[in-house]
Amino acid sequence: LSSSSGLTHESHKKDVEQVYLRCSEGSIEWMYPTGALIVNLRPNISPASYKHLTVCIKPFKDSAGANIYLEKTGELKLLVQDGDRSPSRVYCFGYDQGGLFVEATPQQDISRKITGFQYELMSKGIAADLHTASAPCRPCSDTEVLLAVCTSDFVIRGSIQNVTNEAEEQESVIHVGVNKLYRQKSKVFQLTGESGNWRGQIKTLLECGVKPGDGDFLFTGRMHFGEARLGCAPRFKDFQRMYKEAKDKGLNPCEIGPD
């Protein structure tokens, strides 16, 4: 978390402050914004790898008081306009497309304003998985499923207990009962209640029309801004079939023990 306050710059409303961030994910909170911030993302990796990175930002729900621009060699491209209340909107761009320039907007009372956003740096391949604009609800091929098993942040066998739709955010929340936990990067799926059942929530796009159904699925996906996002999710019996076929041919990219 990087935090800054504009009150210390009250007499210098045109000040531009440089912020350097070394983490691959985190958040910026700018209290009482005046002037501007240049946000420099400098992750602890080889600069030669920068061109393979995608940057995503997600403004806080109540973020206000500044416009957020993408800046490259003095040219500004508006990303987030002050007052834009698009819930859960995520803005992504290639690391080599520029840096972030956050400029305070004129305010009568800056003490009521806080500008803030979360950010994540990821490889372009992972970003493409999360933001497949062409066909976000398309079923995965056998090869894609088997690769997802090896590379996803979470892999579980489970059933759909319920689905709640969030129309404002254009998302569906899948409430999953977990029968077997193969892997999870963050503790999204946890033991709940005295019964000792594992449960968790996975988000996906509302347009995909996910509905509760019988039987087990293999759920895979990525963590994105602290939330589990759905990737490939075949029926478990279909996964067992494709896993066995690939194993018999020596083509499965990794071992998971699907029984």
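Predicted model: local features only at pLDDT ≥ 70, side-chain atom pairs only at ≥ 80, totals over all residues.
Helix α3 covers residues 236-248, and its 13 residues reach 18 Å from the first C-alpha to the last, which is close to the 18 Å expected at 1.5 Å a residue. Its buried residues are Phe 236, Phe 239, Met 242, Tyr 243 and Ala 246, and, seen down the axis of α3, they fall within an arc of 125°, so they line one face of the helix. What covers these buried residues includes α2 (142-151), β11 (154-166), β12 (171-184) and β15 (217-224). Just after α3, Gly 250 takes a positive phi of about 70°.

Turning to the sheet, five strands form an open sheet with mixed pairing, in the order β2-β4-β9-β6-β7. The strands β2 (16-21) and β7 (75-80) stand at the edges with a single partner strand each, so one side of each is left without a neighbour in the sheet. Within the sheet, strands β4 (residues 36-41) and β9 (residues 99-104) run antiparallel and are joined by four bridges, and the bridge partner of Val 39 in β9 is Leu 100.

Leu 100 also brings us to the largest nonpolar core, which has 25 residues, and Leu 100 is among those that touch the most other members, together with Leu 41, Ile 57, Leu 79, Val 102 and Phe 117. Apart from that core lies another, of 14 residues, among them Val 149, Tyr 182, Phe 236 and Ala 246.

Methods. Residues numbered from 1 in each chain as written. Heavy atoms only, no water. Core = buried A, V, L, I, M, F, W, Y, C linked by side-chain atoms within 4.5 Å. Buried < 20%, exposed > 50% of the residue type's maximum accessible area, 1.4 Å probe, protein only. Pairing = 2+ DSSP bridges. Helix = DSSP H or I, 4+ residues; strand = E, 2+ residues; numbered from the N terminus. Expected span 1.5 Å × (residues − 1). Arc of directions from axis to C-beta. Contact = heavy atoms within 4.5 Å.
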